[in-house]
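Work through the exercises below with the model open. Each task is followed by a solution in steps.

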Amino acid sequence: MNPTKRSTLLGLSALGAGMALPAAASAQQAYPTRPVSIVVPYPAGGLSDIIARTVNASLGGRLGQSVIVENVAGGSGSIGATKVLTAQADGHQLFQGSPNELILAPLAISSIRFRSEDFRLVQMIATAQIAFLARAGLPVSSVDEFVEHARKAAAAGKPLTYASVGVGSFYHLLGEHLSKTTGVPMVHVPYKGGQPAEQDLLAGEVDLFLAPYGRRYDDFAKQGKLKVLAMLNKDRREGLKGFPAIAESKLVRDFTFDIWTGYFVKKDTPEAVVQRLHRAITDTLTDPAVRAGLDAHSLVIADPLPLEAVGKAYADGTAKFRAIAKSIDFQAQ
């Protein structure tokens with residue numbers, strides 16, 4: 001080949017490669033190019049839905065696109081998670097999730113094909129405190145009385161019932177863990193979300209619901225519609241000092257739990273997109289309106305973490321909950 005022609009071809013090839021790199025970078029920097037969806041794996045009206053609708057407008061302002069909330073309920077959150085996994089890995093569909101849907105559900109539902117590692121946590125948003133809720137007509141006024149009443153009911157062949165947001169959910173795990181810890185059999189009643197579970201608790205259809213606390217429960221308790229027997233905390237928290245901490249009980253004092261919520265993408269989402277999302281979500285957590293909205297529902301706003309620390313927190317949480325599930329012989333159904 002003529003040396004001059006060869007040199008020209010190499011130069012054109014290098015120029016083409018040089019142009020391709022900025023084009024790819026520009027495409028990622030342009031993210032998002034259309035509205036972004038937050039997939040909430042529960043029905044409208046529950047705490048998960050409230051979190052998304054508290055965050056979405058502020059997050060949209062930082063991304064420069066509308067952020068739409070999609071409620072995709074069922075399968076202990078797995079239906080919503082699968083919807084995100086089957087979409088393009090371009091950051092236009094976020095999954096609002098927790099250990100509930102992405103760590104525990106795959107352990108408990110044999111039909112689920114994804115693993116926790118198929119998702120990447122971008123940033124945590126908030127932590128929910130867990131309330132020990134009993135139906136209003138149950139003849140107990142403390143956690144210890146509940147345990148003794150449940151023991152007598154089980155011995156009489158009429159075990160108490162506990163609600164959860166689905167098989168394999170965090171709240172299912174808590175109910176099973178409580179049953180194993182106390183040695184008292186109870187019957188699990190799964191629902192498609194917190195709202196229908198709450199409705200049946202208020203109607204007296206189920207006896208117990210270990211649920212993320214919302215201020216409405218204080219109102220319901222004052223109206224005699226349910227009983228808040230304790231918060232699953234080590235001590236009484238500011239703003240909730242009227243409710244005992246679970247650590248004050250004698251029979252299950254170490255039964256302390258809470259649960260965090262965060263935003264996830266598919267694991268193979270481009271790094272530049274993940275970084276853009278991480279910055280936008282982190283900035284959203286500084287918005288006074290967002291902070292006030294989350295605080296109004298007694299949510300503890302997360303301390304923003306750098307991406308590396310976010311990844312470690314998710315990996316550590318996955319290992320922790322898998323260990324708890326193994327310890328109580330949590331079997332896939």
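**Exercise 1: An aromatic cluster**

Phe-119 is buried, at a relative accessible area of 3%. The model is a predicted one.

Task: Classify the ring pairs that Phe-119 forms with Phe-95 and with Phe-114.

Solution. 
1. Count the aromatic pairs in the model: there are 13.
2. Take Phe-95 and Phe-119. Their ring centres are 5.8 Å apart and their planes meet at 40°, so the pair is tilted.
3. Phe-95 belongs to strand E3 and Phe-119 to strand E4, so the pair ties together parts 24 residues apart in sequence.
4. Take Phe-114 and Phe-119. The centre-to-centre distance is 5.8 Å and the planes are 80° apart; this pair is edge-to-face.
5. Check burial. Phe-114 has a relative accessible area of 6%, so this residue is buried. Phe-95 is buried as well, as is Phe-119.
6. Ring pairs join Phe-95, Phe-114, Phe-119, Trp-260, Phe-264 and Tyr-314 in a cluster.

**Exercise 2: Strand E9 and its partners**

Task: Is E9 enclosed or open, and which residues stand opposite Phe-264?

Solution. 
1. Look at burial. Eight of the nine residues of E9 are buried, so the strand is largely enclosed by the rest of the structure.
2. Pair E9 with E3: the sense is antiparallel, over three bridges. Here Phe-95 stands opposite Phe-264.
3. Pair E9 with E4: again antiparallel, over nine bridges. Here Leu-121 has Phe-264 as its bridge partner.

**Exercise 3: The buried face of H3**

Task: Find the buried residues of helix H3 and say how they are arranged about its axis.

Solution. 
1. H3 spans residues 78-85, and its buried residues are Ser-78, Gly-80, Ala-81 and Val-84.
2. View H3 down its axis. These buried residues fall within an arc of 160°, so they line one face of the helix.
3. Find what they pack against: strands E1 (36-40), E3 (93-97), E4 (119-135) and E9 (258-266), and helix H4 (99-108).

**Exercise 4: Polar contacts of His-188**

Task: Which side chains make polar contacts with the side chain of His-188?

Solution. 
1. Locate His-188: strand E6, residues 187-190.
2. List its contacts, leaving aside neighbours within four places in sequence: Tyr-162, Ser-164, Gly-166, Val-167 and His-172.
3. Pick out the polar ones between side chains. Ser-164 is at 2.6 Å. His-172 is at 3.4 Å.

Methods:
Residues are numbered from 1 along each chain as its sequence is written. This is a predicted model: local features need pLDDT of at least 70, side-chain atom pairs count only at pLDDT 80 or more; totals for chains, interfaces and linings use all residues. Side-chain values use heavy atoms; hydrogens and water are left out. Buried means under 20% relative accessible area, exposed over 50%, partly exposed in between (1.4 Å probe, protein chains only). Helices (H or I, at least four residues) and strands (E, at least two) are DSSP runs, numbered from the N terminus. The arc is that of the directions from the helix axis to the C-beta atoms. Contact means heavy atoms within 4.5 Å. Two strands pair if DSSP finds at least two bridges between them. A polar contact is a pair of N or O atoms within 3.5 Å; within protein, one must be able to donate a hydrogen and the other to accept it, and residues adjacent in sequence count only if both atoms are side-chain atoms. Rings of Phe, Tyr and Trp (its six-membered ring) pair if their centres lie within 6.5 Å; planes under 30 degrees apart count as stacked, over 60 as edge-to-face and the rest as tilted.
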